[in-house]
Amino acid sequence: MTSDRLRGHVDLLLLSVLEDEQAHGYRLAEAIRTRSDGTFDLPEGTVYPSLYRLERDGLVASRWERVDGRRRRVYRLTRRGTKELARHRADWRDFARAMEAVVA
Amino acid sequence: MTIDVYLAELERALPRTARLRALREVREHLRDSAAHYRSAGLYEKEAEDRATAEFGPAAEVARRLGAELAVGETRLASVLAVLGVAFFVFPLYVVPENVLPPAPWPEQPWELVVLQRVAIAFWVFAGGFAVASALFACTRWAVATARSLSLAALSLAVSSLVSVALVARWFTLTPVSAEWGIAAPLALACVVACSAAALWARSSARRLAGSSR
C-alpha cells in the first residue's frame with residue numbers, strides 16, 4: 001500500500017504497536033510491516049517525524065536505553081496516549097464500518 | 001548508498017539543532033535494518049544500499065524531521081521573542097532617557113522624533129506578533145505560529161535597525177561626553193542581541209513552515 005494512502009493513519013499504527021510493547025524506531029517500523037503481512041511497507045524514515053510529533057503532544061515518551069549492547073531511543077505510550085489511542089480506535093472502527101457498508 | 005554516505009547527506013540537510021538526536025536514532029535504525037538484510041543473505045554493501053533506500057530520500061527525511069523538531073524550537077523562539085521585545089525597552093527608552101547625555105536642543109529635531117516613533121511602532125508590532133506566535137505555538141496551528149513568529153522577527157529587526165540609526169543620529173547631534181562611552185555600546189549591544197534573536201526566530205519559523213508543505 002502506498003505511503004500516501006497511509007498518511008493520516010501512521011499515528012494510529014504507531015500508538016497501537018506501542019500499546020503492546022515499548023520499542024525503538026526500527027522495531028516499530030518492523031512491527032507495522034509484520035502485523036500487516038507486509039501490506040503497510042512505509043518508507044521507514046516517515047516513522048520518526050510521527051514519533052517526534054506524538055512525543056511533543058505528550059502521547060508517547062522516550063528515553064535512551066541500552067538494548068542488545070547499543071544505545072537506542074525507546075518509546076512508550078503515556079497515559080494520555082492510551083486515551084488518545086482508544087479515541088482513535090473508536091473513530092477508525094466507525095469509519096471502517098461505514099466504508100464497509102457503502103463499498104462492500 | 002552506504003550508511004555513512006546517507007548519514008553525511010542527512011547531516012548536511014538537517015537543521016543544526018535537530019542533528020544530534022535524529023542522526024543517532026537514524027544511525028541505529030539503519031544499522032538494524034542492514035543487519036536484517038545481511039542475515040537474509042545480502043552482502044554488506046547491498047544490505048546498506050537496501051537499508052538506506054527503505055528509509056527514504058535523505059532530503060525528504062531531513063525536511064520532515066527538521067520541521068517536526070522545529071515545532072518545539074519555535075515554542076521556545078516565541079517565548080524568547082516576547083522576552084526580546086520586552087528587553088528592547090532598554091535601547092528604545094531606558095538608555096535614551098537615562099543614560100544618554102541630556103539633549104542640548106530645546107525641541108527635539110524632527111528626524112529623531114520620526115526615527116523614535118518608527119522604532120516604537122515596529123516594536124509594538126513585534127510585541128503583538130510575538131504574543132500571537134506564543135499563543136499559536138500552544139495549538140496545532142503551525143502555519144499561524146510560523147507566520148506570526150516571522151512577522152515578530154521582521155518587526156523586531158526593523159525596530160533594531162531604526163534604533164541603530166536613532167542612536168547614530170543622536171551621537172552626531174550631541175557633544176561627545178563620558179556617558180557616550182557607556183550608552184553607545186550598551187544600546188548597540190541591545191540592538192545586536194535583539195537582531196540576532198530576530199534572525200534565529202525567523203529561521204525557526206521557516207523550518208516550521210516546512211512542516212505544513
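Trainee: How are residues and chains labelled, and which residues count in a predicted model?
Mentor: Residues are numbered from 1 along each chain as its sequence is written, while chains are lettered from A and ligands numbered from 1 in the order in which they are written. Because this is a predicted model, local features need pLDDT of at least 70 and side-chain atom pairs count only at pLDDT 80 or more, whereas totals for chains, interfaces and linings use all residues.

Trainee: In what order do the elements of chain A run from the N terminus on?
Mentor: Helices (H or I, at least four residues) and strands (E, at least two) are DSSP runs, numbered from the N terminus. Chain A has 5 helices and 3 strands. From the N terminus on, the order is α-α-β-α-α-β-β-α.

Trainee: How many bridges join strand β2 of chain A to strand β3 of chain A?
Mentor: Two strands pair if DSSP finds at least two bridges between them. Strand β2(A) covers residues 60–67 and β3(A) covers residues 70–77, and they run antiparallel. A:Val60 stands opposite A:Leu77, and in the hairpin, with 2 residues between the strands, A:Asp68 takes a positive phi near 50°. The number of bridges that join β2(A) to β3(A) is 8.

Trainee: Which residue in β3(A) is the bridge partner of A:Ala23?
Mentor: Strand β1 of chain A, residues 23–24, pairs with β3(A) in the antiparallel sense over 2 bridges. A:Ser62 has its bridge partner in β3(A) at A:Tyr75. For A:Ala23, the bridge partner in β3(A) is likewise A:Tyr75.

Trainee: Why is helix α4 of chain A largely enclosed by the rest of the structure?
Mentor: A residue is buried if 20 or more other C-beta atoms lie within 10 Å of its own, exposed if 12 or fewer, and partly exposed in between, with C-beta atoms placed from the backbone. The buried residues of α4(A) include A:Val47, A:Tyr48, A:Leu51 and A:Leu54. What covers them includes α2, α3, β2 and β3 of chain A together with α2 and α4 of chain B. Helix α4(A), residues 47–56, is largely enclosed because the buried residues number 8 of the 10.

Trainee: Which element gives the largest share of the side of chain A that touches chain B?
Mentor: Two residues are in contact if their C-beta atoms, placed from the backbone, lie within 7 Å. The contact takes 14 residues from chain A and 16 residues from chain B. On the side of chain A, the elements that give two or more residues are α3, α4 and β3 of chain A. The largest share, 5 residues, comes from α4(A).

Trainee: Is B:Ala70 buried or exposed?
Mentor: The place of B:Ala70 is in helix α4 of chain B. Its C-alpha atom is separated by 8.7 Å from that of B:Pro15, 55 residues apart along the chain. With 26 other C-beta atoms within 10 Å, B:Ala70 is buried.

Trainee: Is A:Asp37 buried or exposed?
Mentor: A:Asp37 lies in the loop between α3 and α4 of chain A. This residue has a positive phi of about 55° although it is not a glycine. With 7 other C-beta atoms within 10 Å, A:Asp37 is exposed.
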